[in-house]
Amino acid sequence: MFLKFLFYISAFLTVFGAISVVVTRNLIHSCVYLLFSLIGVAGLYLTLNAEFIAATQLVVYVGGIVVLLLFAIMLTGGSNLKVLVNKFGLESTPLMGNLKTYIFAALSGLVLAAVLIKILFSSLLKSSTVSNNFFTTVEDVGVKLLTDHILAFELSSVLLLGALVGAAIIARPQRSTEVEE
Amino acid sequence: MTYSIASILPIVLLPFFAFAVNSFIVKRFTTLSVILSCSAIFGSFLFAARIFGDFVFGKYNSDYYIHKTFTWFDISGGGLTFKVPMGIYIDNMAAIMLLMVTGVAFLIHLFSTFYMHDDKRYGRFFVYLSLFTSAMLGLVLSDNLLSVFIFWEIMGFCSYSLIGFYYEKEGAGNASIKAFMTTRVGDVFFLLGIVALWTTVGSVTFVDIYKAIATGGLKDSILIFGIGVPVATLAAFSIFMGTVGKSAQFPLQVWLPDAMFGPTPCSALIHAATMVAAGVYLSLRMFPLMELGGLLPIIAYVGGITALGAATIALVQTDIKAVLAFSTISQLGYMVLGIGVGAYNPAFMHLITHAVFKACLFLAAGSVIHSLHDHHTHTHVQEMPRMGGLRKKLPYTFLAMLFCTLAIAGVPLFSGFVSKDRILGDALVMASSSKLYWAPAVMGFIGAFLTPFYMFRMIFLTFFGEPRDKDLYEHAHHEHIQFNSNVPLLILSVFTFGVWFSGSLEGQGIVKVFPESKYEWFQVLVEKPELNKFIGRTSTAISEPESKEFIEHSHYDPNHGMSEEEAHHVHHLHHLGAIASIIIAFSGIFLAYLMYVAFKVNPGWWTNAFSGWTKALKNKYYFDNFYIDGLIKKLMLPFNNFLSWFDMGVYDRIAIDGWAKVNQWLYSVSRWFDNLIIDSVLVDGSGVSVRFFNIIMRTIQNGRIQFYFIVLIVVLVSYLLSFKPVI
Amino acid sequence: MSLISYISISLILFICGLVVILARKNIIGMLLGVELILNASALNFVTFTKYFNSNIDGHIFSLFIILVAAAEAAVGLAIVIRFFQVRESIHIDSATQLQS
């Protein structure tokens, strides 16, 4: 019962957030709506008995990536975008896309959606889906990480190190008076 | 005796071998080459004498023959046969001819060692003589028309070389070309005749031709310009034209007088005894064909015209060799007349006897000329007005020449009388049976009157009277007996007696000198070819020795195979002819005596009275003018110019230069093709098309990430849609 | 609660992310769309471990997705910042130097 309730709220949150990300003209607002969407996805993970994943999602995605995005928005002047009015009286925010791009994107999205729906539902409806009571614990995840997927685990640590160092180097402020070697 | 290659072929091969060897060594070893030539011909004479002995003294049969063949080449195939056999055919006629040719040739070789001794091309003369004798002997021995033609042409070449032997003399080159070309005209017809016979009969061997005539193979006609001409007439006429050319008959007689530019021994051998006789020999061999083609009246007329015409021209000649040349033409006319009236044997006998005495006459003339050396011009004198009274200086020459002149004049007891009288007798017989033959007979008799006249005119002018050129007479050498200058003459003159040829006075067995039937050997052995006998004749291969035994000897038939009544009529006419010719001969001699010895009749009066006639005779009836100015300059030269204009102006310009233009046009087309299609379209076009597609494809890579994303989606969608199990 | 619903949510997320990528001209706006897509795929994985597979590898993979997304977001935003420092603009059309 509780799960169902949680599911509906999380689903609503996710979808609403996603659609709002599409529609909003303001970059920061869309970032926040992304945040909502990610919280909804975490809730969905909970309904799927993936507690660890949900927690990781909340910590990493919500608390890390969205914050990072916000920082980047602030650093690149994404909040100072003024609303322009063009000659037809339509409002448009620069860099957020105009009608033409939305229509184009909507079309391609529709096409892809149609194809995917067709594939998925035609194959899924044929096969029987069984919801099994599969409970996982953090312990299971940890064991799997360090036994079967140990290589990926270690590599991911290298990856994160690389990302860290790379991001630090790339985003370092320019010293224009330095002579390049 | 066995007849094998070793007993027959040396006749031809010895002189040919001498020719081949001499042509290399003649400059260095002149004497050796001369000796080689002379001994080669003597060797041939020995072989020929052996064959003659077997034929005449051994077998003595008119049907005896030796026929050996080998296949020269055989290119039959695919159902068509084309086989060319070559071979040797010896019958009595050939045996006698062989002996005559080798004997006369040998004596002329001997004489040439004397006559040509001081010439700077002394050795070369013998080279040509050897080649010539080998060709003549090959012709006598051949059994088919093709090899006759081959040897005929070789002799023509030798005649050309020998006439132009003194090439420094002004007219000699022209004379040799004239001789060659004139005989060429006849040879073209001869070749056509050979071809006509070959296509009709399928073979050119004499035996096969006789067989075909006997079995009716030559009966059909072919259409020429819509007129049906029997093949036999066509072939016979064409072959007779060969005789006309080679034996200097009317109208192709123009070359023989000019042939006197050559050395005298060459004139003796070639233009008196042998080569010109080859034409008559050919006609004799082809006599059945001439009979079948109905050509005999034409032959008689040609012979008669030649005999009379040449005799008349000889009346006014002053060069001793010219007199003899025209006399040769005239006597050849008699031989051809003999063929024309059907007198096969007499014509052949006249050929043999004429060869002997004409050769002797020429050699004697050569001896005379050689002895008369003009110190001022350093030439030998040939003009009779400058001679005279040479009887004392050149007694032996005079003796030989006298005998031969008596022979040619037709004085009884000499060979010339026997043969010429028989021809005239047969002419009379034919004239009595048909009006057509009146003219030839009359011409023959008139010629028989003129011949002794001009021959004795020559004798009297040369040997009798006072010498007209004292200086020349003083320096003339007195003659001694010498093996190579007098002895050949005397030997030849011995054979001008009639007994060698016939045991009877007039060759008819009427007045017998020796009452032996064998002494009509000539008449018995040489017979008109009886065609039916040839149907069963066989030939052996040349490699096999052949020895034929005929037991039965032929006998002389005084009636010549005719009925008693006919024979009587014929004999009567022969008598008449004989008496007439004796009277005519003696009257000719008497007239000459009156004119040139006794000076009772003035020849000058005659030349003035008939001055136009004399002028015509001196110009040889304007034949040369007609041929050169009329025919060649007016007809052939413009035609030649037209042809050369056509060849160069039209054909060269159009075909060859025009072809160059076509090539140029083709080149420009291909250049256009190369430039436009290959260069512009393919080479540049490939670059342009790549650039074009580049410009199109470039838009895909425009650096816009969203565009890449769309492309990605498109690819993904298309992949998903194409994945069959899913859809 | 059924599989279909989770799949459809994942689909909606994916499509929205796609539309955001294609429609926005802002680089950071496009990165928002990328995050949406990544989330959609992670959701898919977790869904399928529950409904099809007793295997826990789906969870593991989702973790890795989140991990990689974090790394990628960090590096990507660093690049965007650098780009902004150089170009003074974060319009996507000013980043077309790789065109041919």
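Modeller: Contact here means that heavy atoms lie within 4.5 Å of each other. This is a predicted model, in which local features need pLDDT of at least 70 and side-chain atom pairs count only at pLDDT 80 or more, while totals for chains, interfaces and linings use all residues. Residues are numbered from 1 along each chain as its sequence is written, chains are lettered from A and ligands numbered from 1 in the order in which they are written, and side-chain values use heavy atoms, with hydrogens and water left out.

Let us start with chain A. In chain A, among the contacts with a separation of 6 or more, 54% are made by residues 24 or more positions apart. Chain A holds six helices and two strands (DSSP runs numbered from the N terminus, helices being H or I of at least four residues and strands E of at least two), and along the sequence they come in the pattern α-α-α-β-β-α-α-α. Of the 181 residues in chain A, 36% are buried, a word that stands for under 20% relative accessible area, with exposed being over 50% and partly exposed in between (1.4 Å probe, protein chains only).

Y61(A) sits in helix α3 of chain A, and Y61(A) counts as buried because its relative accessibility is 1%. Its C-alpha atom is 8.4 Å from that of L35(A), a residue 26 places away along the chain. With neighbours within four places in sequence set aside, the residues in contact with Y61(A) include L38(A), T56(A) and V66(A) from chain A, together with E35(C), L38(C), N39(C), I66(C) and A69(C) from chain C. The side chains of Y61(A) and E35(C) are joined by a polar contact of 3.0 Å, meaning a pair of N or O atoms within 3.5 Å, where within protein one must be able to donate a hydrogen and the other to accept it, and where residues adjacent in sequence count only if both atoms are side-chain atoms.

This residue leads us to the boundary with chain C, where 79 residues of chain A are in contact with 66 residues of chain C. The size of an interface is often given as the accessible area lost when the parts come together. For chain A and chain C the buried area is about 6,500 Å², and 79% of it is on carbon and sulfur atoms (the area is what two parts lose on being put together, with a 1.4 Å probe, summed over both). The interface of chain A and chain C has 12 residue pairs in polar contact, both residues being at pLDDT 80 or more. There is one salt bridge across the interface of chain A and chain C, the term covering a side-chain nitrogen of Lys or Arg within 4 Å of a carboxyl oxygen of Asp or Glu. K144(A) forms a salt bridge with D57(C), and their closest N and O atoms are 4.0 Å apart. On the side of chain A that touches chain C, two or more residues each come from α1 (2-23), α2 (27-47), α3 (51-75), α4 (99-126), α5 (138-147) and α6 (150-170) of chain A.

Chain C also meets chain B. Between them, chain B and chain C bury about 1,000 Å², of which 65% is on carbon and sulfur atoms. The count of salt bridges between chain B and chain C is zero, and three residue pairs across their interface are in polar contact, both at pLDDT 80 or more. Helix α28 (residues 705-722) of chain B gives the most to the side of chain B that touches chain C, namely five residues.

Inside chain B, a last stop is T243(B), found in helix α9 (residues 231-246) of chain B. T243(B) counts as buried because its relative accessibility is 0%. Its side chain reaches the backbone oxygen of G279(B) at 3.0 Å. Beyond residues up to four places away in sequence, T243(B) touches several others, among them W152(B), V280(B) and S283(B). W152(B) is itself buried, because its relative accessibility is 0%.
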